[in-house]
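Please consult the sequence and coordinates shown here alongside the text.

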Amino acid sequence: MNKKRITLSLALLPVVSALYGQKAQTDKPDSRPNIIFIMSDDHARQAMSIYGHPIGKIAPTPNIDRIGNEGATFYNNYCCNSISGPSRAAILTGKHSHKNGFMKNWAKGFDGTQQTLPKILQANGYETAVIGKWHLISKPTGFDHWMILNDQGDYYNPQFITDTDTVRHPGYVTDLITQYCEEWLDNRSDKQKPFFLMMHHKAIHRNWVPAERHYHLYEDTTFPLPDNYYDTYEGRYAAQLQKMNIYRDMYEGHDLKMVTGIDSDTLLYDPWPHAFLGTMTDDEQRRFFDAYRKRNNDFHSRKRSFKEVAEWKYQRYLQDYMGCVASVDESVGEILDYLKRTGLDKNTIVVYTTDQGFYLGEHGWFDKRFMYEESFGMPMVMRWPDHIKPGTKVEGLTQNIDFAPTFLDMCGIDVPDDMQGQSFRRLVESGKTPKDWRKSLYYHYYEFPGFHSVRAHYGVKTKRYKLMHFYVDDKWELYDLETDPTEMNNIYGKPGTEKITDELMKELRKLQTQYDVPEELCK
Ligand code: SGN
Ligand code: CA
């Protein structure tokens with residue numbers, strides 16, 4: 001759709017609605033697909049069993065995998081700015097951060113007056129809703145119904161914001177979001193209209209508090225320690241300066257649920273008690289401490305070396321993280337069952353993804369932000385019966401700015417010219433990457449100074465190589481992902497890399513021009 005047509009269709013909204021009203025009267029159902037876009041927070045690809053990582057094998061996600069097995073799995077899907085708000089803004093607009101204006105988490109609210117995917121769908125007769133994490137500071141626009149978590153949201157008894165109030169709801173956040181999504185699906189105002197539902201989980205975000213039913217799920221599981229857990233960041237300047245190390249930077253109380261001694265119900269360092277224990281009832285707090293007591297007592301039963309503590313922390317982190325994944329996976333199962341029960345499954349596109357990737361101990365880290373593979377990558381599965389063949393593998397380079405154009409394409413709606421992403425519909429429907437598909441991706445992380453002290457950087461990635469510029473201190477990094485998939489060996493400036501560096505530099509500048517990045521952001 002060109003700009004003219006979109007302005008026209010927005011201006012004609014009442015006419016469009018009237019048309020759809022007529023459709024409903026003639027009882028002719030709209031055959032365009034529904035979309036349920038399920039997005040969790042911080043879900044590492046390593047923790048989605050369909051990808052075959054050892055962690056996923058130990059702690060499987062059968063329901064999420066079901067989407068991929070019945071449809072497609074994306075192997076090279078990436079983020080344009082690996083942090084929550086910016087990723088969400090890119091998904092809503094189909095544009096890079098410098099274009100949609102939401103470049104950092106806490107800087108300013110999302111400009112909800114701009115063109116977005118839900119607005120276009122709505123103008124074209126879709127009923128739209130967002131339920132769960134929003135994290136864009138602004139009030140959602142383009143949605144017939146919205147119910148969003150306050151800020152990051154709490155795991156227990158979270159507050160939800162609606163147009164009229166902010167209310168604390170008793171329950172576990174993942175279960176509440178699932179319930180409210182099903183209720184919305186049940187009570188849609190016009191069932192003849194196709195719908196677009198954004199179901200946004202808070203989990204698996206820090207501080208990883210599982211549902212009570214999962215407190216013990218992985219208590220006795222030992223997860224495999226990544227080979228580079230004790231990375232010393234040689235040759236990687238920005239990596240040396242981060243503050244996202246599991247054994248140095250995690251808060252022992254808040255994150256790791258460690259207590260002051262044997263039989264203690266007092267957490268070690270917890271800077272935000274109001275956002276954790278403070279949200280639980282007294283009974284919930286008691287059951288929480290009781291569930292962790294045996295493990296916490298065991299920790300205090302003997303002296304441990306630095307290395308033993310570092311590895312104990314890794315296990316505690318993974319046990320809680322995967323406990324949170326379990327409830328998200330159950331939620332996906334619930335929704336898939338709901339669709340089947342109601343017959344909606346046949347004409348509903350179901351997507352499961354996350355706002356960005358995450359570290360599960362690689363380089364010693366948790367969190368994200370870096371353009372390294374674990375956080376830059378966005379695991380994703382997608383199901384659409386009769387359109388996507390079961391077991392499809394999408395290998396082409398796709399990015400979160402592509403989601404909006406792809407959904408519009410799948411719904412038969414023209415894609416506005418100013419969206420920067422490209423529809424990957426033909427990749428997912430054919431299972432092949434066409435020759436003319438993009439060969440490189442652009443990335444830019446801006447939030448510095450900020451949480452975890454990750455230096456701002458931009459970069460380019462091809463299937464094989466990655467070039468990154470940490471421009472605050474003018475440091476470059478270059479990786480050959482074929483020989484160094486865990487990005488331990490920065491080969492920038494090494495003899496023999498001149499040609500590839502030159503090529504990647506040109507490609508980077510080409511992308512910056514293509515995406516119309518202002519000069520001051522290309523330094
Ligand atoms: C919180 C977290 C950080 C995290 C940011 C952004 N601390 O501030 O660890 O990097 O959110 O995450 S917490 O202890 O308060 O949870 S994002 O996914 O929303 O971008
Ligand atoms: Ca996130």
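## Terms and basis

Buried means under 20% relative accessible area, exposed means over 50%, and partly exposed lies in between, with a 1.4 Å probe and protein chains only. Helices (H or I, at least four residues) and strands (E, at least two) are DSSP runs numbered from the N terminus.

The model is predicted: local features need pLDDT of at least 70 and side-chain atom pairs count only at pLDDT 80 or more, while totals for chains, interfaces and linings use all residues. Residues are numbered from 1 along each chain as its sequence is written, chains are lettered from A and ligands numbered from 1 in the order in which they are written, and side-chain values use heavy atoms, with hydrogens and water left out.

## The site of ligand 1

Ligand 1 is surrounded by 20 residues, where a residue is near a molecule or strand if one of its heavy atoms lies within 4 Å of it. The closest are R206, D367, K368, R369 and H452. By class, the shell divides into four nonpolar, eight polar and eight charged residues. Here Ala, Val, Leu, Ile, Met, Phe, Trp, Tyr, Cys and Pro count as nonpolar, Asp, Glu, Lys and Arg as charged, and the others, Gly among them, as polar.

Polar contacts are pairs of N or O atoms within 3.5 Å; within protein, one must be able to donate a hydrogen and the other to accept it, and residues adjacent in sequence count only if both atoms are side-chain atoms. An N or O atom in the side chain of K133 is 3.2 Å from an oxygen atom of ligand 1. For D41, the distance from a polar side-chain atom to a ligand 1 oxygen is 3.3 Å, and for H135 the corresponding value is 3.5 Å. Of the 460 Å² of accessible area that ligand 1 has on its own, the protein covers 94%; accessible areas come from the Shrake-Rupley method with a 1.4 Å probe, and for residues only the protein chains shown count as cover.

Helix α12 takes in residues 306–342. The expected span of a helix is 1.5 Å times one less than its number of residues. The 37 residues of α12 should therefore span 54 Å, and the end C-alpha atoms are 54 Å apart, which agrees. Of these 37 residues, 27 are buried, so that α12 is mostly covered. After α12 comes G343, with a positive phi near 80 degrees.

Helix α4 (residues 62–70) has N63, I64, D65, I67 and G68 buried. The buried residues of α4 pack against α12 and against the strands β2 (72–74), β9 (348–354) and β10 (380–383), where contact means heavy atoms within 4.5 Å.

## Backbone exceptions

Most residues other than glycine have a negative phi, and most peptide bonds are trans. Two cis peptide bonds are described here. One joins R206 and N207, with omega about 10 degrees; N207 lies in the loop between β8 (195–200) and α9 (237–241). Another joins F448 and P449, with omega about 0 degrees, and P449 is in the loop between β13 (441–445) and β14 (457–461).

Positive phi occurs at D151, near 55 degrees, and at D367, near 70 degrees. D151 belongs to the loop between β5 (145–149) and β6 (159–161), and counts as partly exposed because its relative accessibility is 44%. D367 sits in the loop between β9 and α13 (373–376).

## Individual residues and their contacts

S82, in the loop between β3 (77–78) and α5 (84–93), is buried at 0% relative accessible area. The S82 side chain reaches the backbone oxygen of S375 at 2.9 Å. Beyond neighbours within four places in sequence, S82 is in contact with residues including K368, R369, S375 and Y443.

K243 is in the loop between α9 and α10 (246–249) and is partly exposed at 48%. K243 and S453 are 210 residues apart in sequence, yet their C-alpha atoms are 5.7 Å apart. Leaving aside neighbours within four places in sequence, K243 contacts D249, H452 and S453.
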